[in-house]
Amino acid sequence: AEAGSVYPTILALHGRGSNEGDLIGLADYLPKQFLWISPRGTFEISTALNPSLGPDSYEWFQITQIGKPDPTRLANALKIIDTFIDEIIANYPVDKNRLYLLGFSQGSILSMSYALTKPERVAGVIAQSGYIPHESGLQIDEAGIKSKPFLLTHGIQDPMLPVEWARRSRDTLQKLETDLEYHEFNMGHNVTAESLSVIHTCMDKQIQ
């Protein structure tokens, strides 16, 4: 890296029950020009209370009801992301005009929510297997979000977050006149070579 250089950056936000090591593996499948930053969720999840999850399981906000994040907890998580973005711009060679949020599941909820409320801070969003939390009181910046790039991918067989939620998010983003690309895949709550291929193509376009 040259002194003074800044780079297009992906801020990767993992899903509930995962950690900072999860999404960084996707870097091998996406364009190489990006700097990747992958933080860990704020709250450790008790494996005693959640035996299906392994150790090192984290979440960005604690859930009370699937599909309806608590507005206060979501707002706190968004504040943490906002502060974190300040910190990475101050400490890493991040091109602040080409900072993309890439999320999976809960990380997608946060990515889309953050971009809708603070669109001037992000260049675009890659949201995998997530949804916009419509009932959580987001203050959407409708002028700022216009033409902002969003890529949504979702599994038709997703057993955790139904594809209908992704379709509702798609409809919202279309109404807001974002630059939306939406894809459904024959998969569950996960990532596949096919979904990654679409993300690769989309990110390639962003750095042309």
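Hi everyone. Let me begin with a definition: Ala, Val, Leu, Ile, Met, Phe, Trp, Tyr, Cys and Pro count as nonpolar, Asp, Glu, Lys and Arg as charged, and the others, Gly among them, as polar. What you see above is a predicted model, where local features need pLDDT of at least 70, side-chain atom pairs count only at pLDDT 80 or more, and totals for chains, interfaces and linings use all residues. Residues are numbered from 1 along each chain as its sequence is written, and side-chain values use heavy atoms, with hydrogens and water left out.

Let's start with the sheet. Helices (H or I, at least four residues) and strands (E, at least two) are DSSP runs numbered from the N terminus, and two strands pair if DSSP finds at least two bridges between them. Here, 6 strands make an open sheet with parallel pairing, in the order S2-S1-S5-S6-S7-S8. Strand S2 (35-37) and strand S8 (179-185) are at the edges with a single partner strand each, so one side of each has no neighbour in the sheet. S7 (residues 149-155) runs parallel to S8, joined to it by 7 bridges; one of the bridge partners is Glu 181 in S8, paired with Leu 151.

Now a helix that lies across this sheet. Contact means heavy atoms within 4.5 Å; axes are lines fitted to C-alpha atoms, for helices over the stretch in contact, and angles run from 0 to 180 degrees between N-to-C directions. Helix H5 (residues 193-206) lies across S1, S5, S6, S7 and S8, at about 165 degrees to S8.

Grid points are joined across faces, edges and corners, and a volume is the space filled by probe spheres set on the points.

The largest pocket holds about 340 Å³. Its lining has 20 residues, with Arg 16, Ile 66, Ser 105, Met 160 and Leu 161 nearest the centre. By class, that lining has 10 nonpolar, 7 polar and 3 charged residues.

S6, S7 and H5 each give two or more residues to the cavity's lining, which has 8 nonpolar, 2 polar and no charged residues.

Definitions and conventions. On a 1 Å grid over the protein atoms alone, a cavity is a set of points where a 1.4 Å probe fits but cannot get out, and a pocket is an open set with protein on both sides within 12 Å along at least five of seven lines; lining residues have an atom within 4 Å of a point.
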